[in-house]
Amino acid sequence: MTQTQQDKWRIDRRLSVSTLVQVVMLAGLILGSWVNLQRQLDGLQRDVRLLLESQERFCTRLERLQETTLSQEYRLRRVEQR
């Protein structure tokens, strides 16, 4: 009986080590995924910031164009009235 109990203990011990290795591997995968996600979020944040800056420049140009258009329309009306 002693031999059987020792064999059982070795099997349980191996399973425990195997489980420990799996948990460590899972933790490594989770950590790696989290780091990768953070890197992707940083890239996305940079892209959104650049997009917003570009949109602001575009809106500024559009406002200038609208002002110029209105000015030209007023000039054209004055010329037509004369």
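## A salt bridge along the helix

Glu 53 and Arg 49 are joined by a salt bridge, with their closest N and O atoms 3.8 Å apart. The term salt bridge stands for a side-chain nitrogen of Lys or Arg within 4 Å of a carboxyl oxygen of Asp or Glu. Glu 53 and Arg 49 lie about one helical turn from each other because they are four residues apart in helix α1.

How accessible are these two partners? Glu 53 is partly exposed, at 33% relative accessibility, and Arg 49 is also partly exposed, at 44%. Here, buried means under 20% relative accessible area, exposed means over 50%, and partly exposed is in between (1.4 Å probe, protein chains only).

## About the model

This is a predicted model, in which local features need pLDDT of at least 70 and side-chain atom pairs count only at pLDDT 80 or more, while totals for chains, interfaces and linings use all residues. Residues are numbered from 1 along each chain as its sequence is written, and side-chain values use heavy atoms, leaving out hydrogens and water.

## The second salt bridge

How many salt bridges does the structure hold? There are two. Besides the pair above, Arg 46 and Asp 47 meet through their side chains in a salt bridge, at 3.5 Å from N to O. Asp 47 has 41% relative accessibility and counts as partly exposed; Arg 46, at 42%, is partly exposed as well.

## The overall picture

Helices (H or I, at least four residues) and strands (E, at least two) are DSSP runs, numbered from the N terminus. Of the 82 residues, 0% count as buried.

The accessible surface of the protein is about 8,400 Å², and carbon and sulfur atoms account for 59% of that. Such areas come from the Shrake-Rupley method with a 1.4 Å probe, and for residues only the protein chains shown count as cover.

Leu 41 sits in helix α1, which covers residues 2-81. With a relative accessible area of 42%, Leu 41 is partly exposed.
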